[in-house]
Amino acid sequence: MCVSAAAGVCSSSVEKKIYVELNETVPCVRLLNATHQIGCQSSMSGDTGVLHVLESESDLDWILSSGPHPPYIVIMETAFFNRSVMMRMKSSSRVAGVAVIVSKTGLADNFSPHTTCPNQNTGVYSASYGSDLANCNVTVWNPLGNGLSYEDFAFPVFALKDENQTQVIRKCYEDHNLRVNGSTPQYPLCAMQLFSHMHAVTDTVTCMRRTDLQNRFSINPEVLCDPLSDFNVWTSTRPLNSSAKGHAANESVVLAATRLDGRSFFWEQAPAAEGTVSGIVTLLAAIQALSPVTQEAPPPRNIFFTFFQGEAFDYIGSSKMVYDMEKNDFVIDLNNVHSMLEIGQVGLRSGQSLWMHSDPVSRKNDSVNEEVLDLMRRMQSAAAGLNVSLGHPLFTQPLPPSSLQRFLRARPIPGLVLADHQTLFNNRYYESMYDDAENLNVTYPPDLNPDEQLVYETDAAKSLAEVATLVARSLYLQAGGEEKSLSNITADPKIVSHVTNTHTRTLGVAVLLLSLLVTYFISSKAELLFSSACETPTTAY
Amino acid sequence: MNLERIPNEEKLGLSRRYYLGGFAFLPFLWLVNVLWFFREAFLKPTYTEQPQIKSYVKKSALGLIVWVAVLTTWITIFQHFRAQWGEVGDYLSFTIPLGTA
């Protein structure tokens, strides 16, 4: 390690002589729920280690057992960022931190750090409700999931997004740390310091208790954690008095829902194109398509559109809405809800097919079953003339992870979840930072500038517009509207493409949400510093 | 203060005051008593007040050892088990370290 960096000779500060600061880095942060902590943690003054680039199995052995200068900071390409490598490093004390180079080259054909059975403990299926369907016994929804997002790492993990700085790191490694002809490199060596100290520990209960103690007894209270909180968004075709609470008289609403959030392993890097944006765009386009006809020929029932935030973390948004409805603290309550249509992941249709998922347990009741079959029939008639072929998975298959499950926990509401997958997800990058526009097959002709790209109607946009038209027409029929007005309801692909392009370009719809089921925390600064050997050999003393 | 220049009765008075003061949960007074009067009590040639000073020094040393034992035991237990005690541990703590359990 270079200690004798020139001090007296140069006029810039010593730190600038030793460290090269890296920007465009994203840490993995610590998250808490009621019982556990997940994510990554660094030491209070950062974790320092000798750099080593992981390019092969022998590198892994060097880091974990044979290298003479532990601890090591491991730089790895995307290809090595998988469960087996990370778990081996997790159990080793010779790894001081990990930095992942984010690039599409060498990306495996699937990567999902989420669990294989998302939200398995907070859905509707449990030991007392469809016990043989619980815990993904029948269908594993995300079989490609490696569960990395839910592991607790004792070292910092960062994502390096700047290509130029990655080159600088590589050059330093090659100049000083590379093994030449089997000989071990000697000091001075290239090293890296990762700093992402997290204040939150153990679980939410502990964190809230300590926050309370800080606020009551400390002169300068420390922030220990922030709750995951944000807002759901709702609207309706017929206006509702938003300040009235409890049961709304003479209102029977059809709920149209989708989720608003996504997540990934790293902080705020969640494009969630197929996982979330496809649903948002479809529902927005459906709302826009329905607006003229609901003015001219309003259907008997109200249509209530809602976007739930925080669904990745045990259904924060939808469980809050159900809770408020049960406590008569919302504009409508569960008795007002006639039926529910949820838009799941709809961006990656194979061919023309779209699947209507329903809950087999509630359908054992005949009246609920009748309503569900009616809803399916109306959707089939709405699909006439569109480039969509609707199907229904096996009756014995449970619902995929969806907000409808939280409503079913309270009341057996007839509902469907619309998705592009029959059994497991078509999304091979579920809840990861690679679920972006490219995953949705959004491609432009090569000669367009960014402004033209924004309004260009891609194939993905056209496909989503078809789904949106189907959703709008189905909702109109379900709300009691007439078949003859159906042809006037069409989603505009231009709107769809504009919204899709904007959404998939903006960075992560990170998860923030209303009730305090999960708390997470980020330290005041997460810096990545990087030390190199002396550039100027003329040491001062 | 130089003990050489003080008459013996005053030395006895000092040692007694330090000994009695230590009972007010002030073990450092006993520590000072032991260290300061050790030479007077055990290494100087005998004089009238010396047996009493010797007894004060011995009793202070005993009290000091008891305090050290109790404090060491409590500190070890607290440092080791505070994280596991959850709520009780937090309410007993003055400052809680950030980032570790």
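This note covers the disulfides of a predicted model.

1. Count and pairing. Taking cysteine sulfur atoms within 2.5 Å as bonded, the count over all chains is 4 disulfides. With the bonded cysteines of chain A numbered in sequence order, the pairing reads 1-2, 3-4, 5-6, 7-8.

2. Cys28(A) and Cys40(A). The S to S distance of this disulfide is 2.0 Å. The link is right-handed, with 95 degrees about the S-S bond. Cys28(A) sits in the loop between strand S1 (25–27) and strand S2 (30–32), while Cys40(A) belongs to strand S3 (residues 37–40); the two are 12 residues apart and the pair links distant parts of the chain. Cys28(A) has a relative accessible area of 1% and is therefore buried. Cys40(A), at 0%, is buried too.

3. Cys117(A) and Cys136(A). These cysteines are joined at an S to S distance of 2.0 Å, and their link is right-handed with 90 degrees about the S-S bond. Both lie in the loop between strand S6 (95–101) and strand S7 (152–153) of chain A, 19 residues apart. The relative accessible area of Cys117(A) is 8%, so this residue is buried. Cys136(A) is buried as well, with a value of 12%.

4. Cys172(A) and Cys190(A). Here the S to S distance is 1.7 Å. The link is right-handed, with 105 degrees about the S-S bond. Helix H4 (residues 163–177) holds Cys172(A), whereas Cys190(A) is in the loop between H4 and strand S9 (191–195), 18 residues apart. Both Cys172(A) and Cys190(A) are buried.

Note on methods
Residues are numbered from 1 along each chain as its sequence is written. Chains are lettered from A and ligands numbered from 1 in the order in which they are written. This is a predicted model: local features need pLDDT of at least 70, side-chain atom pairs count only at pLDDT 80 or more; totals for chains, interfaces and linings use all residues. Side-chain values use heavy atoms; hydrogens and water are left out. Helices (H or I, at least four residues) and strands (E, at least two) are DSSP runs, numbered from the N terminus. Buried means under 20% relative accessible area, exposed over 50%, partly exposed in between (1.4 Å probe, protein chains only).
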